[in-house]
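Open the model in your viewer and show it as a cartoon.

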Amino acid sequence: MAGRLSLALLKATALEVAILAGHLVLYPSGIAQERRTTPVQPPPDAPRLPPDSRPPTLLLHGFIDNRSVFVLLRRTLSQHDGRRVESLNYSPLTCDIRTAAELLGRHVEELCERTGHHRVDIVGHSLGGLIARYYAQRLGGDVRVRTLVTLGTPHGGTRVAPLADAHPIVRQMRPGSAVIEELKEPAPDCRTQFVSFWSDLDQIMVPLETACVDHPDLIAQNVRVTGIGHLALPVHPAVANGIRQALDLAHPGADAKEAPDGLTVA
């Protein structure tokens, strides 16, 4: 059993190194903000969007990263589902999750106005998922966010790399921080539905279960991913298919029996 775990960890680590190398090559292409386009408005007599039409999907990257991390996921969501997918870069100098959440809120409002949709879906990797959760749960963003999918997000705070505490936003991702404690407060009227993908080999999440949404007032489903690490979550095709399925469910939390309970990708 220990040998099997060691082999799986070795494979996952090798994949993490390969993904990191590839991402370093792509990183410069994602530094600039994405160019926004306004959809061509249909003529006045054209039929309106059906109530169940797909909302746009917004991708939000993790700590010291940018939108280039979502190159493969974006392609999967756009090609297979035909949904409108955009990404948002927040500044690498961002030092406060609350400030980043307010910026996200302004962008979501602009996206809704530009596309004519009242709600959006968000996929957040790592810190990006925590920013999006704060917006939905604490800033009234549940009015706009239909489904929030998080990938390796420290919902309960992570204890990894204590030396990184020099950065204030890392301190906010620690267990017991003011932000983490705020997210534990009651949220009885939160309408956003949460789907959290967490990996059993994610070495950034300490403990692993911190990547699960555990709140009595939230509609949430936690999906265990077996065989890959933190960097692979927004890249691996099996996870991308799981994200597609989560976004396609009208009520992913309520219909958890129809959604994947876990993904084995290696």
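Which strands does helix H7 lie across? Select residues 237-248: helix H7 lies across S1, S3, S4, S5, S6 and S7, and runs at about 160° to S4. Helices (H or I, at least four residues) and strands (E, at least two) are DSSP runs, numbered from the N terminus. Axes are lines fitted to C-alpha atoms, for helices over the stretch in contact, and angles run from 0 to 180 degrees between N-to-C directions. Contact means heavy atoms within 4.5 Å.

This is a predicted model: local features need pLDDT of at least 70, side-chain atom pairs count only at pLDDT 80 or more, and totals for chains, interfaces and linings use all residues. Residues are numbered from 1 along each chain as its sequence is written, and side-chain values use heavy atoms, with hydrogens and water left out.

Next, select the strands. They form an open sheet of seven with parallel pairing, in the order S2-S1-S3-S4-S5-S6-S7; two strands pair if DSSP finds at least two bridges between them. S2 (85-88) and S7 (262-264) are the edge strands, each with a single partner, so one side of each has no neighbour in the sheet.

Move to S6 (residues 219-226), which three bridges join to S7. Here Thr226 stands opposite Thr264 in S7.

Finally, select Asp142, in the loop between H4 and S4.
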